[in-house]
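Have the viewer open while you read.

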2 protein chains.
Amino acid sequence: MAVYTHLGAEDMAALLAPYGLGDLVSAKGIAEGVSNSNWLIETAGDHPGETVRFILTMYEFRIEIEDLPYFLGLLDHLAARGCPVPRSIHDREGALYREVDTPRGRKALALIEFLPGVSLGEPTAAQARAVGAALAGLHGAAADYAPTRANAMGLAEWQRLAQACGEEGLTSIDPALGTLVAQHLPRLAREWPEGLPTGVIHADLFPDNVLMQGDTVTGLIDFYFACNDIIAYDLAVTHAAWCFDASGQTFRPDLSKALLEGYEAVRPLAAAERAALPVLAQGAAMRFAMSRAFDWLNTPADALVTRKDPMAFARRLEFYADPANAGVFAA
Amino acid sequence: MAVYTHLGAEDMAALLAPYGLGDLVSAKGIAEGVSNSNWLIETAGDHPGETVRFILTMYEFRIEIEDLPYFLGLLDHLAARGCPVPRSIHDREGALYREVDTPRGRKALALIEFLPGVSLGEPTAAQARAVGAALAGLHGAAADYAPTRANAMGLAEWQRLAQACGEEGLTSIDPALGTLVAQHLPRLAREWPEGLPTGVIHADLFPDNVLMQGDTVTGLIDFYFACNDIIAYDLAVTHAAWCFDASGQTFRPDLSKALLEGYEAVRPLAAAERAALPVLAQGAAMRFAMSRAFDWLNTPADALVTRKDPMAFARRLEFYADPANAGVFAA
């Protein structure tokens with residue numbers, strides 16, 4: 001979490017000129033995002049007394065510029081259908097993003113509406129319910145979004161990451177991790193469901209990526225893993241992200257029940273989707289265990305980014321795979 | 001530049017409760033400050049439709065809690081006299097700061113008014129003039145501020161830092177640095193002026209610590225080096241910070257002239273102050289060269305903080321010490 005590119009006021013004003021948002025009033029680098037730099041910016045707007053607030057994102061790593069139209073177009077599509085997502089702000093010529101030269105090379109940048117709300121550390125059941133409903137709303141509103149993007153973090157990628165870590169690498173993180181992956185990953189590949197409804201999914205709806213005020217969801221943010229995949233898998237990811245403590249050691253049945261109820265109040269699950277949730281949730285846990293394991297082994301000691309513990313999701317994987325917990329997703 | 005302490009919405013709401021500022025609307029960790037964590041926060045305020053914006057600072061390193069009343073009281077004192085500095089926001093019981101327990105131990109925190117404006121990368125002469133005037137305004141407004149604080153970054157500290165680096169350490173940074181310090185530091189100690197007017201000084205008025213809109217100074221910020229010392233030394237620090245390019249290789253006479261004129265339009269220098277400016281400016285350059293050299297040698301490779309080049313101020317020291325440049329501070 002850092003601002004990777006330093007921008008003085010003059011640089012910032014030059015970057016913003018093509019947007020016609022008025023004079024720069026304030027710009028604060030914000031400590032969000034691991035693959036991009038973000039500034040919370042205020043400009044004077046077009047009318048006296050008006051001010052405009054927005055986030056400027058400069059894409060630094062990982063994100064492919066070719067994917068930006070999918071991500072940013074999705075925001076506009078969802079916002080137009082009443083989802084609590086930030087609109088992208090287009091430049092005077094209607095472009096969703098711009099490319100600029102910086103001291104650190106050519107970068108893409110985009111402007112995105114500022115939304116109020118805060119990210120929760122300890123959600124309540126009422127808040128988990130609201131998040132479930134917002135996720136279902138997103139799935140419904142995205143049904144007629146035409147562009148598509150494959151899930152770059154799907155099963156094939158978990159296999160690639162597991163192989164890249166190697167059994168030795170996984171075991172060096174935790175003696176149990178190598179065994180767990182060997183036990184579950186081939187089985188997940190065999191059992192991965194086919195024929196379930198697919199559509200646009202957020203694929204990373206952790207509490208960090210949900211802004212709330214009280215029990216109201218005011219913002220679903222950070223769509224940079226969004227893709228087309230099994231819709232119920234997104235619910236499984238959100239379940240894994242919301243219904244445990246951070247270490248993955250404590251399951252919270254109250255949050256689980258509320259999240260699922262909130263989701264189904266807006267988009268009832270088909271029987272096949274519900275039946276697939278246990279394996280989808282194991283897949284979700286495997287996905288974050290593998291990406292974290294890879295980052296764990298490959299993050300240089302001097303990185304600005306804090307490594308996240310892969311075992312927190314290995315524990316969730318064990319939880320979801322345990323037949324004693326089969327009732328979690330029962331109707 | 002980082003946020004060292006993670007705070008969820010619930011933690012944040014609990015920290016803010018004693019201030020009575022209404023419900024939390026937004027909280028963004030901002031990438032400012034090397035010895036503290038900062039959040040830009042918005043709350044609902046007391047009245048419908050109102051919102052309140054402020055900075056929450058959590059003091060992480062270096063700053064002594066005993067010094068907070070001096071720093072925060074100074075903000076209130078200066079703001080009450082019309083200086084563009086942020087007021088501190090007191091809790092319901094009138095306290096300037098609070099101490100709280102966090103997962104990273106007991107910390108002090110304070111709330112400070114949010115001010116608009118942006119920090120300049122490439123100031124113009126008109127902007128340097130405005131900064132000079134604002135600095136002189138600060139010196140005047142602080143004249144009746146009763147609390148005092150010794151300059152912890154004064155000449156004795158430069159000597160201590162130089163000794164801690166050692167000639168070998170200084171030379172390892174740059175072959176010229178050890179020689180330069182040996183040549184100038186003892187002389188500065190001998191020639192350091194006595195009897196000049198003293199008062200409250202900011203002592204660190206770099207462009208980063210000045211918010212501007214156009215040619216107007218909207219905020220002087222980051223008073224955590226403020227202390228009582230020679231007033232003209234503060235002008236020398238500001239001169240060293242504003243009148244060169246970042247590398248210290250290019251002196252900007254237009255900015256120098258404007259800064260000094262802007263200062264004197266508000267607080268004319270006594271003849272003795274003007275005569276002392278060359279040696280005061282050498283001291284200012286030595287101060288930053290020494291603190292940067294020490295940090296350079298003592299910043300772990302995995303630190304979140306970017307090391308700043310000591311040579312940028314060693315070059316300023318050479319510039320100020322060169323008799324060919326004596327005219328810079330001539331009346």
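## Across the interface

The rule picks out 12 residue pairs in polar contact across the interface of chain A and chain B, both residues at pLDDT 80 or more; such a contact is a pair of N or O atoms within 3.5 Å, where within protein one must be able to donate a hydrogen and the other to accept it, and residues adjacent in sequence count only if both atoms are side-chain atoms. This is a predicted model, so local features need pLDDT of at least 70 and side-chain atom pairs count only at pLDDT 80 or more, while totals for chains, interfaces and linings use all residues. Residues are numbered from 1 along each chain as its sequence is written, chains are lettered from A in the order in which they are written, and side-chain values use heavy atoms, with hydrogens and water left out.

The same interface has 2 salt bridges, meaning a side-chain nitrogen of Lys or Arg within 4 Å of a carboxyl oxygen of Asp or Glu. One of them joins B:R53 to A:E42 at 2.6 Å, N to O.

Here are the interface totals:

| Item | Value |
|---|---|
| Residues from chain A in contact (heavy atoms within 4.5 Å) | 30 residues |
| Residues from chain B in contact | 30 residues |
| Buried area (accessible area, 1.4 Å probe, lost on being put together, summed over both) | about 2600 Å² |
| Share of buried area from carbon and sulfur atoms | 54% |

On the chain A side, A:E10, A:K28 and A:V118 lose the most area to chain B, together 22% of what that side buries. The copies meet through the same surface, because 100% of the interface residues of chain A are also interface residues in chain B.

How do the copies line up?

Conventions:
Buried area is the accessible area (1.4 Å probe) that two parts lose on being put together, summed over both.
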